[in-house]
Every structure is written in C-alpha cells, then in structure tokens.
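Have a go at each task before reading its solution.

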Amino acid sequence: ACATCPSAAAIMIWRVLIALAVVLWVLVGTIVYFLVENCFTQQACATCPSEEVCGWTFGQSFYYSVQTGLSIGFGLLAETKDISRAYSVLHILMGSSVIAGCLSWFATVTLDRHVKASDNTERELAR
C-alpha cells in the first residue's frame with residue numbers, strides 16, 4: 001500500500017472542500033456585481049432607441065462573475081463603476097488561484113493513483 005497516498009475519505013473531503021471553494025468564489029462575485037449596480041445599454045427592438053439600465057440581474061451578475069473570474073471576457077457586459085473594476089482585479093486573482101489549486105490537487109491525486117497502480121503491476125510482474 002502507498003504510505004503517502006490519501007485515503008478515500010480524505011479524497012472525498014477534499015473534493016467537497018474544493019467544490020465549496022469554487023461555489024463560494026462564484027457566489028461572492030455574483031453578489032458583489034449584483035450589489036454594485038453596473039449599467040448596461042438595452043434595446044427593446046432593432047428600431048427602438050436604446051436606453052441605459054442600471055443594476056444587473058442576478059443572472060447577469062452570475063454570468064459576469066464566471067466569465068470575468070475565468071478571464072474569458074466575452075464583452076457582452078462591462079463594468080461602469082470603479083469599485084466594480086477594482087473588485088474584478090481581485091476576483092480574477094482569486095479565480096486563477098482557486099482554479100489552479102483545484103487542477104493541482106486533481107493532478108496530484110491522479111498521479112498518485114497512477115504510481116500506486118504502476119507499483120502494483122510491477123510487483124505482480126516480479127512474482
């Protein structure tokens with residue numbers, strides 16, 4: 001058995017904690033963008049005049065939180081408040097850190113399992 005490999009229970013706990021970290025990161029971003037009340041231009045029809053609407057919906061805030069945090073940047077929504085722009089810098093840094101940490105952890109667990117399986121195969125072949 002692998003002395004340094006995490007147990008199945010430890011892996012499950014870490015999976016839950018990682019999922020909670022991602023959900024918390026997206027939720028905090030969504031709430032911040034929702035409360036800041038950025039404005040956007042809305043046009044009811046092709047020939048109608050456009051109007052500026054302030055205050056993103058919760059859905060728009062969620063969408064922007066994910067696309068900004070992952071540095072996708074489709075450009076469909078844009079911040080109009082300085083506080084929102086300042087928060088975006090932190091949100092991107094937090095998102096990069098959270099996602100990098102998740103990928104690192106999953107890669108480590110996968111490689112540990114591969115090494116353990118490889119060691120077991122070598123032992124079987126050596127018999």
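Predicted model: local features only at pLDDT ≥ 70, side-chain atom pairs only at ≥ 80, totals over all residues.

Residues are numbered from 1 along each chain as its sequence is written, and side-chain values use heavy atoms, with hydrogens and water left out.

**Exercise 1.** Find the residues of the largest nonpolar core.

Step 1: Know the term. A nonpolar core is a set of buried Ala, Val, Leu, Ile, Met, Phe, Trp, Tyr and Cys residues joined through side-chain atoms within 4.5 Å. Buried means under 20% relative accessible area, exposed over 50%, partly exposed in between (1.4 Å probe, protein chains only).

Step 2: Pick them out. The six are Tyr 33, Phe 40, Trp 56, Tyr 64, Leu 77 and Tyr 87.

Step 3: Look for another. A second, separate core has five residues, including Ile 11 and Trp 105.

**Exercise 2.** Decide whether Ile 13 is buried or exposed.

Step 1: Check the value. Ile 13 has 53% relative accessibility, so Ile 13 counts as exposed.

**Exercise 3.** Track down the one salt bridge.

Step 1: Recall the cut-off. A side-chain nitrogen of Lys or Arg must lie within 4 Å of a carboxyl oxygen of Asp or Glu.

Step 2: Name the pair. Arg 85 and Asp 82 meet at 3.0 Å, N to O.

Step 3: See how they're placed. They sit three residues apart in helix H3 (residues 82-126), so about one helical turn separates Arg 85 and Asp 82.

How values were computed. Helix = DSSP H or I, 4+ residues; strand = E, 2+ residues; numbered from the N terminus.
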